[in-house]
Amino acid sequence: MSFCFNFDLPAQTTDPGDVGGNELQHGNKDHAVVSVEDGPKPAQPVKEASEHFLPSDPQFLLMDGVFETVTVGTLPPLHFLNETIFEKTASEREDREKILSRTAEQKSDLISGVYEGGLKVWECTYDLLELIEKDGETFGGKAVLDLGCGAGLLGILALKRGASQVHFQDYNSTVIEQLTVPNVMLNCQEDDEVDSEDDKEGSGKEKMKEKDGSKKKAKGQKEITENSPPPKKQAIDLAQQPLLTRCHFYSGDWSTFLALVLKADPPPKYDLIFTSETIYNTAYYPALHETLHKLLAPDGLVYLATKSHYFGVGGGLHLFETFVEQRDVFSVDRLWDGEEGLQRHVVVLRFKKSKDA
């Protein structure tokens, strides 16, 4: 699959013709040593944050859907709406931001300050899922934030593995309403169907894969299957979906999202924050760092999956590590380094211990 990215950046940044085919963002190598503080600034005005609630007729979002299923080792199968559906049905979907039509017109997977790539499931998300499976991360009773969630696979995994609450945030309201919310509902409903059928016919998950899906892609232990919706879906009774009551959904840029959630009494503190492919633009580092600083629990962990470098803007792991080091709030430890192709990494951030402790 090839990717294209358009960015409304200052004239001195990379020419669009220099953008690589399979790179998430942008950044001329000559800019790799430029200070983060001097980098491109976020588009103005900022996108105001909003909380999104489940629709009165949630079943409507799942009608005629074609879903993919990702399976990583022993992790529960995770279901998500096929991204090509958005391209084919853009004119039929509610899209106040007009990102579906604009991305189709510009043949772009990212338009800086307008659409931040949330309709795609990027490679590093799978890296983080595989690391979670390998390390046996547990979620029971934990508060989790899926920051820059897109399809929401990381938050959905935490939800299915016992998290007490999961909050999903993405830049675009269309992504939250048309992708994240349907994906969460689908996984909650699928779990309910599996529970009711297990005693009679075995695992509904395995049946779904065998009957409806064929192996589409494999990477290590990861398998992706393509599924049509189950033939008989009952209308979702939200009162009977306890997993959904644990979820909150937000859109907007990080600075306004932070201001919104801090109004809660008490404000949330997350035991785990997942964020994947979110450090491509150095202009967003201050807002991202502030969000992590204010919302992470004292003993919490931030799992960040990223590429070494994002061509076009110049963001990437090295610049972000330098930025974090200068702030002297978090320590950053490498958990996994991929050596194939464009280097990818998974790191963990935690608060530095006080020298007096």
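**Notebook: a helix pair, a cavity and a pocket**

I began with two helices and noted that α8 and α9 cross in a right-handed way. A reminder to myself: the model I am reading is a predicted one.

Next I looked up the geometry of this pair. Helix α8 covers residues 285–295 and helix α9 covers residues 317–327, and they pack at an angle of about 55 degrees with their axes 11 Å apart. The two helices are therefore oblique to each other.

Which residues in α8 and α9 meet? From α8 I listed Tyr285, Pro286, Leu288 and His289, and from α9 Leu319, Phe320, Phe323, Val324 and Arg327. Sorted by class, the residues of this contact are seven nonpolar, one polar and one charged.

Then I turned to the cavities. I found two of 30 Å³ or more in the structure. The largest cavity has a volume of about 40 Å³. Its lining includes Glu68, Glu83 and Lys120, along with Phe80, Leu81 and Leu179. I sorted the whole lining of the largest cavity into six nonpolar, one polar and three charged residues.

My last entry is on the second largest pocket, with a volume of about 520 Å³. Which of its 34 lining residues are the closest to the centre? They are Glu116, Gly148, Tyr171, Trp254 and Tyr280. Helix α4 (153–160), strand β6 (165–170) and helix α7 (254–261) are the elements that each give two or more residues to the lining of this pocket. By class, I noted 14 nonpolar, 13 polar and seven charged residues in the lining of the second largest pocket.

Conventions. Residues numbered from 1 in each chain as written. Predicted model: local features only at pLDDT ≥ 70, side-chain atom pairs only at ≥ 80, totals over all residues. Heavy atoms only, no water. Axes fitted to C-alpha atoms, helices over the stretch in contact; angles between N-to-C directions. Helix = DSSP H or I, 4+ residues; strand = E, 2+ residues; numbered from the N terminus. Parallel < 35°, antiparallel > 145°, perpendicular 65-115°, else oblique. Left-handed = near helix turned anticlockwise from the far one by under 90°. Contact = heavy atoms within 4.5 Å. Nonpolar A, V, L, I, M, F, W, Y, C, P; charged D, E, K, R; others polar. 1 Å grid on protein atoms, 1.4 Å probe; cavity = no way out; pocket = protein on both sides within 12 Å on 5 of 7 lines; lining within 4 Å. Points joined across faces, edges and corners; volume = space filled by probe spheres on them.
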